[in-house]
Amino acid sequence: MFFWVIIAVVIGGLAYIRLAPSDPAVWNTDPQVLSDQDLRDGVRRRFEGDEELMARLERIILSSPRTDKLAGSVEEGRVTYITRSKWMGFPDYTTVQLVDGDIELYARLRFGRSDLGVNKARVDGWLEKLGQ
């Protein structure tokens, strides 16, 4: 009986991770990027750019596997994307914002304490494709 309870708890936890709602009011917020930072739970990047460059970046981001737009638009100047891990469906959120001629990008995890460098690798790959 104890075995089945553990199995049910694990399955319930995995279902919650995959199906938990993503509230745009929580995740599509000002990334507040002052400088490039590699964090335990994500990464921040800031570089010169305009709406055209942000639109190119959006095309790159949306071409990534398991990535969808959560909220916002390039025209609004702020967009948040959600990228899920392949096997477990863990969500990572990336907010891109255009402010005073700079593009601010903040990628972070939702669950856990460390993303093991996943967000850094993803963001640096996007920026490499963008030519930054």
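Is Asp-124 buried, partly exposed or exposed? Asp-124 is partly exposed, with a relative accessible area of 26%; buried means under 20% relative accessible area, exposed over 50%, and partly exposed in between, with a 1.4 Å probe and protein chains only. The model is predicted: local features need pLDDT of at least 70 and side-chain atom pairs count only at pLDDT 80 or more, while totals for chains, interfaces and linings use all residues. Residues are numbered from 1 along each chain as its sequence is written, and side-chain values use heavy atoms, with hydrogens and water left out.

The structure holds seven salt bridges, a salt bridge being a side-chain nitrogen of Lys or Arg within 4 Å of a carboxyl oxygen of Asp or Glu. One of them pairs Asp-124 with Arg-45, whose closest N and O atoms are 3.3 Å apart. This pair links distant parts of the chain, 79 residues apart: Arg-45 is in strand S2 (residues 42-48) and Asp-124 in helix H4 (residues 118-130). Helices (H or I, at least four residues) and strands (E, at least two) are DSSP runs, numbered from the N terminus. Arg-45 is buried, at 9% relative accessibility.

Asp-124 also meets Lys-120 in a salt bridge, at 2.8 Å from N to O. Both residues lie in helix H4, four residues apart, about one turn of the helix. Lys-120 is partly exposed at 33%. Through shared partners, salt bridges join Asp-38, Arg-45, Lys-120 and Asp-124 into one network.

Strand S2 also holds Arg-46, 56 residues from Asp-102 in strand S6 (residues 102-109). Asp-102 is buried at 18% relative accessibility, whereas Arg-46 is partly exposed at 28%.
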